[in-house]
Amino acid sequence: MTAVAQKTALTGCLAPIDRGGLEQLIANGKANPKVIKTLKCKTVAEGKFRHANYIRNLAPYIVDEPPGLLGDDTAPNPSEASLAALGSCLAVGLHANAVHRGWIVNKLELEGDLNITAVWGTGDVSEKPVGFTDVRVKVDMECDGVPQAEIDALVAHVKKWSPVANTFTRPVNLEVSA
């Protein structure tokens, strides 16, 4: 292995990921490609529209609404949190693939449009799309010596394999019950 291949790529201000650990994850995925992992989140209402979300043994992830939607503006709202999940998932994919290729990623920006007039089913409930109608992801990668066509191909590859991007782009079985 060359010295360049052994280097770990640093993306933006993020600490580098362990290339050996990445290679082990790749090998594990190839060895057992049908593994399904159940992720869990316990959501607890704290007051108004503020919710604490408990995931693993981490500090609670807070979700709230802005004042225009009757919240206290203490945290991202659920739609913003979903954009954050998408952006983070794509960034993880870009970071992992960049390390795998020795590239550096500097910036990732997202924005989306959604119709909120249904006010969670209490407002205008006429027939219309609910949720995001458009999400735009802008990836800005500065990769010395890497042609833009290769960067574009990497972005398309990461979108194809992102679990959260796939959740945004294909139907998902959703069961909600009391």
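The model is predicted.

Start with the overall plan. The protein has 178 residues, and 22% of them count as buried. Its secondary structure consists of 5 helices and 5 strands. Read from the N terminus, the elements follow the order α-α-β-β-β-α-β-β-α-α. The accessible surface is about 12700 Å². Carbon and sulfur atoms account for 58% of that surface. Contacts also reach along the chain. Take the contacts between residues at least 6 apart in sequence: 46% of them join residues at least 24 apart.

Now turn to the sheet. It is open and has 3 strands, in the order S1-S2-S3. The pairing is antiparallel. Which strands lie at the edges? They are S1, residues 42-47, and S3, residues 61-63. Each of these two pairs on one side only. Neighbouring strands are turned against each other by 25 degrees on average, with direction ignored.

Strand S2 covers residues 50-54. It runs antiparallel to S1, and 5 bridges join the two. S1 and S2 form a hairpin with 2 residues between the strands. In this hairpin, Lys48 takes a positive phi near 50 degrees.

The hairpin leads on to charged side chains. Side chains of opposite charge can pair when their charged atoms come close. How many salt bridges does the structure hold? There are 2 salt bridges. One of them joins the side chains of Glu46 and Arg50, at 2.6 Å from N to O. Glu46 has a relative accessible area of 44%, so it is partly exposed. Arg50 also counts as partly exposed, at 24% relative accessibility.

Lys48 returns in another salt bridge, this time with Asp72. Their closest N and O atoms are 3.0 Å apart. Asp72 is partly exposed, with a relative accessible area of 43%.

Finally, go inside. The largest nonpolar core holds 12 residues. Among them are Leu86, Leu90, Leu94 and Ala98. Trp103, Met141, Cys143 and Val146 belong to this core as well. Ile151, Leu154, Val158 and Ala165 complete the set. Which elements give two or more residues to the core? They are helix H3, residues 78-101, and helix H4, residues 148-161. H3 supplies the largest share, with 4 residues.

The antiparallel sheet runs S1-S2-S3. H3 then gives the largest share of the core.

Note on methods
Residues numbered from 1 in each chain as written. Predicted model: local features only at pLDDT ≥ 70, side-chain atom pairs only at ≥ 80, totals over all residues. Heavy atoms only, no water. Core = buried A, V, L, I, M, F, W, Y, C linked by side-chain atoms within 4.5 Å. Buried < 20%, exposed > 50% of the residue type's maximum accessible area, 1.4 Å probe, protein only. Pairing = 2+ DSSP bridges. Axes fitted to C-alpha atoms, helices over the stretch in contact; angles between N-to-C directions. Contact = heavy atoms within 4.5 Å. Areas by Shrake-Rupley, 256 points an atom, 1.4 Å probe, with all protein chains shown as cover. Salt bridge = Lys/Arg side-chain N within 4 Å of Asp/Glu carboxyl O.
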